[in-house]
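Biologist: I have a model open and would like to learn how to read it. Could you take me through some features one by one?

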Amino acid sequence: MGVEIKVDGLTKSFGKDLIWKDVSLTIPAGEICVMLGPSGTGKSVFLKTIIGLLKPDTGSIVIEGLDIANCSEKDLYEVRKLFGVLFQDGAMFGSMSLYDNVAFPLREHTKKSESEIRDLVMEKMELVGLLGAEDKLPGEISGGMRKRAGLARALVLDPEIVLFDEPDSGLDPVRTAFLNQLIVDLNAQIDATMLIVTHDINTARTVPDNIGLLYHKHLAMFGPREMLLSSEEPVVRQFLNAQRVGPIGMSEEKDADELEQEKDEELPPLPPIPPQIEPSNGIRRTAMREPGAWCRDNNVTPPPGSFDDNVSMAPGA
Ligand SMILES: Nc1ncnc2c1ncn2[C@@H]1O[C@H](COP(=O)(O)OP(=O)(O)O)[C@@H](O)[C@H]1O
Ligand SMILES: [Mg+2]
């Protein structure tokens, strides 16, 4: 059913370099969350901290009652079994077939027989649509297939939490759309808690239940998708709508002169909120809310045209 991840007051630096500070958020069990942010804001560092590969300076990450930021190596080893991770490049072993890549965690972490392993590997290969490609080497298949294979491997130990580091990087828009649909379908099927790190605003606008935005060394906002997509907060608005006008500049923050120059530029209206992607496998997602429910419950008027079936793309995307 997935497990909750409760992050409180998390701060991370490398030497004198502060990456982000005081990040607090709760990802509810079984929900999909997207963490957005410009390149270099520490999204990958956030993921690695969540699985305990990096230690934060301060703060806690509580999963099933265990604070993985402050626990023993032994406890960490145990809690890691709850996680499946899809790293940015798929992180496949280049000299192993897809079959052996997917079987790897089972051979490492379980005492299952080769015939049990075969059943599990084939089940996951089918889940990600790769049945028949088991004997291929990672170098022989497309980037999209490599991500799927990486996903099969991330799922092979039946994780309660699946983390994705830029699953859409290096994929064309059509492959990204297929992968996003696969993520939603998987969530319906296995009910795991999912955290997707990306800078793709279309993924953020259509896939998750919740969105977070890391910017300028802090968590600018975190909450339900409809909350961020209807937000007028300048950083959130600029990033989620891919706009040039706003506080975010080419490298980091705009300086006072730059902001002064654009102060009379009119902001384009907020675009409609697209409907959230629904499972294509006919299974209902436990976490799925009725379109517009958050706005209605919080007396927020969504931008005109929101939740129409033909609204799916962000402007300029
Ligand atoms: N192991 C590390 N040691 C020192 N600095 C690191 C390490 N990992 C990441 N960083 C730095 O942390 C910052 C954020 O990196 P990263 O999380 O990869 O950004 P993003 O994924 O948002 O593009 C970068 O400046 C990067 O150089
Ligand atoms: Mg990264």
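Predicted model: local features only at pLDDT ≥ 70, side-chain atom pairs only at ≥ 80, totals over all residues.

Biologist: Fine. Which residues surround ligand 1?

Modeller: A residue counts as near a molecule if its C-beta atom, placed from the backbone, lies within 6 Å of it. Here the shell is Phe14, Ile19, Gly37, Ser39, Gly40, Thr41, Gly42, Lys43, Ser44 and Val45. By class that gives three nonpolar, six polar and one charged residues. Nonpolar covers Ala, Val, Leu, Ile, Met, Phe, Trp, Tyr, Cys and Pro, charged covers Asp, Glu, Lys and Arg, and the others, Gly among them, are polar. Helix 1 (residues 43-50) supplies the largest share of the shell, three residues.

Biologist: What counts as a helix, and is helix 1 enclosed or open?

Modeller: Helices (H or I, at least four residues) and strands (E, at least two) are DSSP runs, numbered from the N terminus. For burial, count other C-beta atoms, placed from the backbone, within 10 Å of a residue's own: 20 or more is buried, 12 or fewer exposed, in between partly exposed. Six of the eight residues of helix 1 are buried, so the rest of the structure largely encloses it. Those six are Lys43, Val45, Phe46, Leu47, Thr49 and Ile50.

Biologist: How do helix 3 and helix 5 pack?

Modeller: Helix 3 (residues 98-109) and helix 5 (residues 143-155) make an angle of about 30°, with axes 7 Å apart. That makes helix 3 roughly parallel to helix 5; the label applies under 35 degrees, with over 145 roughly antiparallel, 65 to 115 roughly perpendicular and the rest oblique. Contact means C-beta atoms, placed from the backbone, within 7 Å. Leu98, Asn101, Val102, Phe104 and Pro105 of helix 3 meet Ala149, Ala152 and Arg153 of helix 5. Sorted by class, these contact residues are six nonpolar, one polar and one charged.

Biologist: And at what angle do helix 3 and helix 4 cross?

Modeller: Roughly 125°, with the axes of helix 3 and helix 4 (residues 114-127) coming within 10 Å. The two are therefore oblique to each other. Tyr99, Val102, Ala103, Leu106 and Arg107 of helix 3 make the contact with Ile117, Leu120, Val121, Lys124 and Met125 of helix 4. That contact splits into eight nonpolar, no polar and two charged residues.

Biologist: What should I look for in phi?

Modeller: Most residues other than glycine have a negative phi. Asp158 has a positive one, near 50°, and sits in the loop between helix 5 and strand 7 (161-165). Asp158 is exposed, with 12 other C-beta atoms within 10 Å. Asn299, also not a glycine, has a positive phi of about 55°; Asn299 lies in the segment after helix 11 (293-297). With 6 C-beta neighbours inside 10 Å, Asn299 counts as exposed.

Definitions and conventions: Residues numbered from 1 in each chain as written. Chains lettered and ligands numbered in written order. Axes fitted to C-alpha atoms, helices over the stretch in contact; angles between N-to-C directions. Contact = placed C-beta atoms within 7 Å.
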